[in-house]
Amino acid sequence: MKPFLNKIKSFLQAPGFKKYARRFGFFVLVCIGLLLIACGGLSFYFQQHKPEIIAKINSKINENINGKFHIGDFQYKFLVGFPNFTLALKDVELKDNQWNSHKHTLLKAKEIEARLNLWSLWHDEINIHKILINEAQIYLYKAENGYSNSDIFKTKKKKTTTDTATKETTIDQIALKQVHFILDNRVGHKLFDFDVARLESKVKYDGDDWQTDLYIRTQIKSLAFNTQLGSFAQNKPLQGTLKVSFIAARQLINVDTQNLKIGNDSFDIIAFFNVGKANSLFGININTHILWRNASNVLSQNISSKLNRFDLKEKIAVNCDIKGDLNDEGDPKIVVHAEIRNNELSIPDGRITDCTFRGFFTNNFRPKNGINDANSAIILSRFSGKFQNIPISIPQAVINNLEKPLATGNVNSDFDIQNLNEMSNDKWIHFSEGHAKANLKFQFDVVDLYITKPRFIGNVDIKNASFHFIPKKVKAEKVNVQLDFTEKALIIKKIAYKHNKNMIYIDGKIDNFLNLYYDAPEKMVVNWNIYAPYIDLKQFLGVLANSQKAKIAAKPKKRATLSDQLRTTIEKCAVAINIKADKILYNKLTATNTRATIEMVNSQLIIKNGSLQTSGGSIAFNAVVAPKGKNYTFASGAQVNRVDIAGFLRSFNNFGIQSFSPNNLKGKLSSRANVSGYINSQGELITNSMHGKLDFNVTQGALVNFEPIVRVGKFAFPFRDVRNITFSDLSGNLNMRGEQIDINQLTISSSVLNFDIEGIYSFGRGTNLALTIPLRNSKNDAKLASKAERDAVRDRGIVLHLLAVDDAGKMKIKWGKNKK
C-alpha cells in the first residue's frame, strides 16, 4: 500500500503534471468568464429589448384568449436555466370576459417562471422550454347554463398549406409548486379541489400528440362526482407518477399509474378522459389490495357512511371501475369487485369469522332505472363463514336498493346446536347437545344497516336436542324437530320431546307465521297436536308461572336482536293444543285415555272439551288456569261420572277437608261442579280457596268410621253398626265460598239411620250444621221397591234435631234446631 501511495505522490509532484494542471485551470477560468459575459449580455439584451419581449408575450397570449391577461411585473433571473432565457412574471391574473358575473378568476399566480429558448427568441419565435408556477390558484368554473371560464382559450384554426411551416408555441416542461387547483362543474354537480404541493412534467411531442411522466404530490380536498353525495378520497394525500398521453385526433387523455399513493395505500390506476367539447366521457379503473375501512374512507360519504358500519380485519383485493360524463348530473357508474378469503367480517349484528366470499357492487343494478342509491346493489357469491360460531353458507345473496335495503338469497347451515348458546345475550336458553341442519331461502330488510325482520322459506331439521329453557324452568332431552317454512305457514313436524319420564310427540302449524312473528306476535296462534304415552300435568303450571316472572324481569333493550325477538314471540304467542294422552299424572290423580284442547293465551292455560278416565269412572271438564303472584287461579266446570269416591278425594287431597278422610267413604261418585280457587306452585290445591257450586250423588256408598257419627251412635244407637254404614241415597247441594261451605242440602239414607244436614261447614271457625235424624231403624229401607216408598217411611217415629257447632276449634254436638 505504501509504495502505491509514494508513486501517486511522485506523479503529482512531477513537472509535467503541474504544467497541464495550470493549463486546465486557465481553461476553467476562461469558461466562467465567458459565462458571466454571456449572462451579462443576456441581461443587457433583456433590459434593451424588455418592451419588445413583453409585447411579444402579451401578443402571443392575447391572440389565443377571450379575456384579460394581466402581469404585475417582469424579472430576468440571472444564470437561472442557462443557456435558456429565464423570465419571471409576477402577480399574474387571467380572467375571462364574464368574470364580473361569476367572480371566479381562472388563474392567479404570485409568480410564473418561463424559460425561453434563446435561439428561438432571436428568431422572433416563442419556444417555452419550461414553465414553473409558484403559489397560484387555478379555478376552472362551469356555470349551470353551460358557460365555462375555460372558454377563454380560442379555438385553434386548422392549418393551411401556407402556414404548415409555421411552428406553434410548445412547452417542454411544466412544474407547479403550492398551487391550489379547483374544477367546479355546476352542470354536473362536480367539484375537484386539490392543494398541489408539487407537480413536475416533461412533455414529449409527436405532432399534436404528446406524452409525459407526471409526478404529483397533492392533498385532495374534494373529488366529488356529485356534490350532493360527498367526495371521494376527501382530505387524503396523493403522491406518485402518472404516465399521461394526449391523442389530438380523438381529444383523449390517457392516464396510467402504478403504486399511486392515496393516504397510506397504493393504487394501480388506468383512466381516460375525453376533453372535446362534444364528448366529456371518462373512465377510471382502480386496482388495489387494501383494508376495508381504508377503502371505505376513499369513497364518497353516501357510500362510506354505510360501509363504515362494516369492517374486515385483513386486507382485501379490490377492483373499482368508474365511468361517466363530466357534464352529466349525478354519480358516475361505479362497479366494484372484491375478493375476500379467510377474513373476519364485522357487521352491526355481530362478527362472522373464517369469512370467504366474492363481493360485487353496482349503482346501476337495473340499467333502465338510472344511477342512484335506490338502484344500487351488493351481490355476494360463494359466501361462507361462522356467525357467533354457527357455520353458514350462502351460494348467492343480493342486497338491493340502498335507500331501503332488501336482502335476498339462500342460506345453508350444518352445526352442533350447542353453538346457539352464544346467540342468547341474557342466557335465557341453554343447549347441551343436539345437531341442526338448515336449508332456507331468506329475505330481510336492512334498517340502519341492521338485519330486520328476516323471513325464511325452507326447512330446518334438529336431532337429539337437549336444552334448559331457563325463564320457565323447563328442561328437555333428546328433542327431534322438523320445521318447514312456507309463505303461508310454519309447519312443525315430528317433534319428539323427552323429559324425565315424560315423552311427548308433537306436530303443529302456525298460520301467517312470517307476518305475525315480527308485527304481532300476540296474535300468533301455535296449533299443536300432542300425543303423550305419559305426562305430568304440573309441568304446564311451571311454564305459566315462570312465563309471568320472565315478563316482570325483562329489561327493555335499545335494539331487539334475533334472540330477543324469538323470546318475545315465545312469551306473547297463543298456543292451541289438541292433546291425547295414554296416561296423565296430576298430584295423586292418575288419568287414562285423556283428550283435551288446551290453549295458552296471555299466560293463561285454557282447557276445553276435556275428558279422561280415572278411579273407575270418567270426567268431562273445562278449565282456565292463570298465574297470579306465586300461585295460580283456576276456574273449572266438571262433570264426574261414577268415579271411585275414595280414590277421587285422595287425588285432590280431600279438598282440604279434615273432619273426614277418603278412608271414611266408599262408593261411586257422580257430580256436577262449577268452582274456582287457587293452586300453589307445586300444583297443590290451596285449602279454603275454593268458591262455586257442587252437586253430587254417591251410589253403592258406605260411611266407614266417620268420627261424628260414631260419637253420636255410642249413646243414641248403641245396638246399630255405626262404624260401617251403607247408603241407598247420598247426595248433596253445596255452595263453596273459601273457608266455609254452605250445605243447602245433604241427604243421607243409610243402613243405620236417615238424616238430613244443612247449614255451614267451616274449615276453620264457624261451623254450624243442623242435623235432622229420625231415630227409627232404617236397616231394611233399602229393601223397599221404590224411592217413593222409601221416602214415605223415612221420617216416621221419633226425630232428633241436633246441632254440630264450632266450640273453640272443636266440633260440639248439642240439641236444637238451626235458626235461619
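**Notes on the predicted model**

1. N609 is exposed, at 61% relative accessibility; exposed means over 50% relative accessible area, buried under 20%, and partly exposed in between (1.4 Å probe, protein chains only). This asparagine is not a glycine, yet has a positive phi of about 50 degrees. N609 sits in strand β27 (residues 604–614); strands (E, at least two residues) and helices (H or I, at least four) are DSSP runs numbered from the N terminus.

2. This is a predicted model, in which local features need pLDDT of at least 70, side-chain atom pairs count only at pLDDT 80 or more, and totals for chains, interfaces and linings use all residues. Residues are numbered from 1 along each chain as its sequence is written, and side-chain values use heavy atoms, with hydrogens and water left out.

3. N593, in strand β26 (residues 589–601), also has a positive phi, near 50 degrees, and is not a glycine. N593 is partly exposed, with a relative accessible area of 37%. Most residues other than glycine have a negative phi.

4. Strand β30 (residues 665–679) pairs with strand β29 (residues 631–644) in the antiparallel sense over 11 bridges; pairing requires at least two bridges found by DSSP between the strands. V643 has L669 in β30 as its bridge partner.

5. β30 also pairs with strand β31 (residues 691–704), antiparallel and over 11 bridges. Here T699 in β31 stands opposite K668.
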